[in-house]
Amino acid sequence: MDFTKRFTEVVVVLDHDEPDIFTPAAVTGAYVSLANYHRAVLFLHVGDMVATATLDASIRQAQDATGTGGKAITGKAITQLTQAGGDGNQIVVIELRTEELDIANGFEHISYLLTVGVANVEMAATLFGIVARFKPVPTTQYDEIVD
């Protein structure tokens, strides 16, 4: 990233889940196109985890925004977090390059899958598009930008 550019000029929020306490369930983000970006990053800010809680997270791919053909991307899943293992209050990141998608079969949309197991987990998730093909990137996902 060029040191003269603002973060918001080169990084776009593609999807997010607000900070909250998540109960045991699967949380799936919206499938979003990576056609305008060379890379994506899933940023998880994990807070408190109940003693028996587990958290799995991965990035998935699909052929369109409705999730057609949705499937896992090899190597794009975190090691399961557990409160028993002392994994609460962590920042976890999954990075993805577009060449890791199954482009030959028309997969250019991605989503995240967060699976909270057994007990509650406090967390927030943000999926960023980075290395834009066209600049500047849209800033509509940001509530305020202070320059």
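How many bridges join strand β5 to strand β6? Three bridges do so, and the two strands, of which β6 covers residues 71–77, run antiparallel. The structure is a predicted model, in which local features need pLDDT of at least 70 and side-chain atom pairs count only at pLDDT 80 or more, whereas totals for chains, interfaces and linings use all residues. Residues are numbered from 1 along each chain as its sequence is written, and side-chain values use heavy atoms, with hydrogens and water left out.

Helices (H or I, at least four residues) and strands (E, at least two) are DSSP runs, numbered from the N terminus. Two strands are said to pair if DSSP finds at least two bridges between them. For accessibility, buried means under 20% relative accessible area, exposed means over 50%, and partly exposed lies in between, with a 1.4 Å probe and protein chains only.

Strand β5 spans residues 54–62 and is mostly covered, with seven of its nine residues buried. With strand β9 (residues 109–117), β5 pairs in the antiparallel sense over nine bridges; here A62 stands opposite H109. The pairing of β5 with strand β7 (residues 81–82) is likewise antiparallel and has two bridges, and T54 has T82 as its bridge partner in β7.

T8 counts as buried because its relative accessibility is 10%, whereas E9, with a relative accessible area of 27%, is partly exposed. Contact means heavy atoms within 4.5 Å. Leaving aside residues up to four places away in sequence, T8 touches V137, T139, Y142 and I145. E9 and P138 are 129 residues apart in sequence, yet their C-alpha atoms are 7.7 Å apart in space.

## Salt bridges

Side chains of opposite charge can pair when their charged atoms come close. A salt bridge is defined here as a side-chain nitrogen of Lys or Arg within 4 Å of a carboxyl oxygen of Asp or Glu. By this rule the count comes to six salt bridges. Three of these are listed below.

| Salt bridge | N to O distance |
|---|---|
| D147 and R6 | 3.5 Å |
| K76 and E100 | 3.1 Å |
| E100 and R97 | 4.0 Å |

The side chains of D147 and R6 form a salt bridge. This pair links distant parts of the chain, since D147 lies in the segment after β10 and R6 in the segment before α1, 141 residues apart. D147 counts as exposed, at 75% relative accessibility, and R6 counts as partly exposed, at 29%.

A second salt bridge joins the side chains of K76 and E100. K76 lies in strand β6 and E100 in the loop between β8 (90–97) and β9, so the pair ties together parts that are 24 residues apart in sequence. K76 counts as buried because its relative accessibility is 12%, while E100, at 26%, counts as partly exposed. The side chain of E100 also meets that of R97 in a salt bridge, and R97 is partly exposed, with a relative accessible area of 34%. K76, R97, E99 and E100 are linked in a network of salt bridges.

## The largest pocket

A pocket is found on a 1 Å grid over the protein atoms alone, as an open set of points with protein on both sides within 12 Å along at least five of seven lines, in contrast to a cavity, where a 1.4 Å probe fits but cannot get out; lining residues have an atom within 4 Å of a point. Grid points are joined across faces, edges and corners, and a volume is the space filled by probe spheres set on the points.

The largest pocket has a volume of about 230 Å³. It is lined by 13 residues, of which V13, H16, E18, A125 and T126 are the closest to its centre. The elements that give two or more residues to this lining are β1 (11–22), β4 (37–49) and β10 (121–132). Among the contributors, β1 gives the most, with five residues.

By class, the lining has six nonpolar, four polar and three charged residues. In this scheme Ala, Val, Leu, Ile, Met, Phe, Trp, Tyr, Cys and Pro count as nonpolar, Asp, Glu, Lys and Arg as charged, and the others, Gly among them, as polar.
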